[in-house]
Amino acid sequence: MNFTIRDAKIEDVPSILNLIKELAHFEKEADAVEVTVNDLERDGFGKAPLFKIFVAEIAEEIVGIALFYPRYSTWKGPTIHLEDLIVTERKRGLKIGSALYKKVIEYGYDKGVKRIEWNVLDWNTPALKFYEKSGANVLQEWSTVQMDVESMKSYLAKH
């Protein structure tokens, strides 16, 4: 099946949000998505975009996305964080994810970043195997640390 990888356009945002919600469901966090179409349009397609998205398209239907954004490593310099690589479940196995992954790597390489990084759930064995096979290093000794809005508020109230 033929597909195209291209830069996302603002009119793709409703389809992008649907894929984000599909991923949240897959990751057993179906109710966790707070971002809206308006948020994605403002934050990704406004005057100072916070992220970039490549989409995979079959017959004018968005079936996959790669959303990433710039970061900076104090040890290495410019990096990219791949936030999500999503292919709708019914289109998996068609090499769409591999094509999106390659597109992000090409983009980062062409931009001269020193590293591309992302997180993978420890139970997502197919993804872990895919990334390891591609030559990526899965770091076991690092833990992801997050602070949500309520935790920030609580911390700031105490300090």
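Let's start with a charge and a ring: the charged end of Lys103 sits over the ring of Phe54, 5.4 Å from its centre. Arg92 does likewise with Phe26, its charged end sitting over the ring at 5.2 Å from the centre. Keep in mind that this is a predicted model. Here are the two side by side:

| Charged residue | Ring | Charge to ring centre |
|---|---|---|
| Lys103 | Phe54 | 5.4 Å |
| Arg92 | Phe26 | 5.2 Å |

Now for rings with rings. The count comes to nine aromatic pairs. One of them joins Tyr101 and Phe130 edge-to-face, with 5.1 Å centre to centre and 65° between the planes. Tyr101 belongs to helix α3 (residues 96-111) and Phe130 to helix α4 (residues 125-134), so this pair ties together parts that are 29 residues apart in sequence. Tyr101 counts as buried because its relative accessibility is 8%, under the 20% cut-off. Phe130, with a relative accessible area of 28%, is partly exposed. Ring pairs also link Tyr101 and Phe130 with Trp118 and Tyr131 into a cluster.

What about the nonpolar side? The largest nonpolar core has 15 residues, and Ile16, Ile20, Leu40, Ile53, Val55, Ile65 and Ile86 have the most contacts inside it. Two or more residues come from each of α1 (13-26), β2 (52-58) and β3 (61-73), and α1 gives the most, with six residues. Take Ile16: leaving aside neighbours within four places in sequence, Ile16 is in contact with Ala8, Leu40, Ile53, Val55 and Ile65. Apart from this core lies another, of 13 residues, including Ile58, Val63, Phe68 and Leu100.

Notes
Residues numbered from 1 in each chain as written. Predicted model: local features only at pLDDT ≥ 70, side-chain atom pairs only at ≥ 80, totals over all residues. Heavy atoms only, no water. Core = buried A, V, L, I, M, F, W, Y, C linked by side-chain atoms within 4.5 Å. Buried < 20%, exposed > 50% of the residue type's maximum accessible area, 1.4 Å probe, protein only. Helix = DSSP H or I, 4+ residues; strand = E, 2+ residues; numbered from the N terminus. Contact = heavy atoms within 4.5 Å. Phe/Tyr/Trp six-rings, centres within 6.5 Å; stacked < 30°, edge-to-face > 60°. Lys NZ or Arg CZ within 6 Å of the ring centre and 35° of its normal.
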